[in-house]
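This briefing goes through one structure by topic. Begin with the place where the two chains meet, then turn to each chain.

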Amino acid sequence: MTRNYGALETKRFLVTPETKDFPRNNYGMATARGNNGSGQRPNNTTQNRICQFKLVLLGESAVGKSSLVLRFVKGQFHEYQESTIGAAFLTQTLCIDDTTVKFEIWDTAGQERYHSLAPMYYRGAQAAIVVYDIQNQDSFERAKNWVKELQRQATPNIVIALAGNKADLSQSRVVEHDEAKQYAEENGLLFLETSAKTAMNVNDIFLAIAKKLPKVEGNNGNVHGRRLNENEPNRQMNNCCK
Amino acid sequence: MATFSEIDEYGFKRSENFDYQMYERFMSDYLKVLAKRQQKWEEFLSKNSDLTHIDSTLKRYIRKGIPSSKRCDVWMKISGAGKFQKEFPNRFRELVEEEPEKSLKDSIIIDLPRTFPDNSMFNTQKEQLYNILIAFAHSNKAIGYCQGLNYIAGLLLLVTKDEEKSFWLLKVIVEKHVPNYHTSKMENLLRDLAVFKELVIRRVPEVNRHIENCGLPYAVIASKWFICLFAEVLPVETVLRIWDCVFSEGYKVLFRAALAVFITHKNKILECDDIAALSTIFREQLMSGEITTNCHKFIESMFKIRLTRSEVESLRKKCVGRNDT
């Protein structure tokens, strides 16, 4: 059988600034790192800490959830991405300053009836990307329902990002950028229009989430982000994970 | 070295990292098995053409694999699909021609190019796939269209090369063998995921403990196994060998297959030290690893597992309403 989805594998290499899959993002960092524990960062400094976050992708069928993940994890895009059945699990790692943020990404099926499985997937998630297709009003309404459900039932203070995907097809846009932006602001969501096809804003939305995560952290450091190791326990943490 | 094409016999493109050497090792033995089965089946079918009664000999033959040249005919007979088709000769056409609701039609059409996009034989069969799925949705309003049915129907179509036969086979699978997996609440799927977990706890408790410690829910591992009856999960030939047995023996075969995956991969699973490594096993080893590619051995391992219908049924009673697996 085809293995499109199977090709979405955990990256297990150290990314150098030359890595093609991961152009430097506009935060000025080349960023993906494997999950092989105590590796060195591109600039050969010792890493300080690794934080692990569970992130779930939700949204209507065929809006591009798996494609966003495939772009983020593998730097690839397939015009016809096989539909996700149940859920898929992948990981990807970003470095922000001296912190390595490892995302456990839970990609879900979009069809309404798979909703019965959804709570199993978003349980314990510290972050969510709710995706809609800018060409499809229904998918935007569905996204709003997901946001409501997450705010009501998911982890308190979950960081939610709204992604208006397929932004490369803006000639057939029906959901206006400003409408979505206003909705996102009113509901305290991060918002970006993205294109898994062109890679526009894909790394950025994950980075924006990674940056926002520590700011909402409660008193209990384990609630948001499990700290996996910490070489310098007394050091003031600046960007992620206390 | 590679004597096998990049495209398999069902039109699927082999993955970039396909292990041709492993496959060649396996096929050098399996081709002999296939030749022998072909001969055995020809003798058998020359004496038995009915096949509606599955006695112990026929069951044994089916477990050892139906030759691909006979698979369509044998499936139609042993499943009862052929009988339905004879009884209702116009039904399929009528269902195809029924005016579809727009949302239903759209949801199927969206999935057509997303079904086996890399399969070279499938490009010309999208309309047939649509017909099967729309006819099924019209015939079973409680289910309508559920994502996952596209993979089952697609694989049926690749085997039968006939949309009407595929439709009747799909009905038998979904309505007789896995009822209420694909309905709006997926209640039996959730129940059977819980049953599967209970069986793992009983048969390989250390594997269950390890998976729980890693934090990977069974719903993530195995939803697709049950929804698609392993289509798009295991290698095609292995899936078809499993379906051979599902048509003759019923749903219990799916639990055997799921358990066999855990049991045959026990050491690999126990070696994983985190959720990422674990999910990689389930994603990659199953689709192209040696254990599942060797379908003959895999099927043998399924039937070595001790499992009775009464055990599954009593667990089902216990697991009704569970949705936390």
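The contact between the chains takes 26 residues from chain A and 37 residues from chain B, where two residues are in contact if their C-beta atoms, placed from the backbone, lie within 7 Å. This is a predicted model: local features need pLDDT of at least 70, side-chain atom pairs count only at pLDDT 80 or more, and totals for chains, interfaces and linings use all residues. Residues are numbered from 1 along each chain as its sequence is written, while chains are lettered from A and ligands numbered from 1 in the order in which they are written.

**The side of chain A that touches chain B**
- Strand β2 (residues 87-96) of chain A gives the most to this side, with three residues; strands (E, at least two residues) and helices (H or I, at least four) are DSSP runs, numbered from the N terminus.
- The residues of this side are nine nonpolar, 12 polar and five charged.
- Ala, Val, Leu, Ile, Met, Phe, Trp, Tyr, Cys and Pro count as nonpolar, Asp, Glu, Lys and Arg as charged, and the others, Gly among them, as polar.

**Paired strands in chain A**
- Strands β5 (residues 159-165) and β6 (residues 190-193) of chain A run parallel and are joined by four bridges; a pair needs at least two bridges found by DSSP.
- A:G164 of chain A stands opposite A:E193 in β6(A).

**Overall form of chain B**
- Chain B has 19 helices and zero strands.
- The radius of gyration of chain B, 20 Å, is close to the 20 Å that the globule rule gives for 325 residues, so chain B is as compact as a globular protein of that length.
- The radius is taken over C-alpha atoms, and the rule is 2.2 Å times the number of residues to the power 0.38.
- The C-alpha trace of chain B spans about 55 × 45 × 40 Å along its principal axes.
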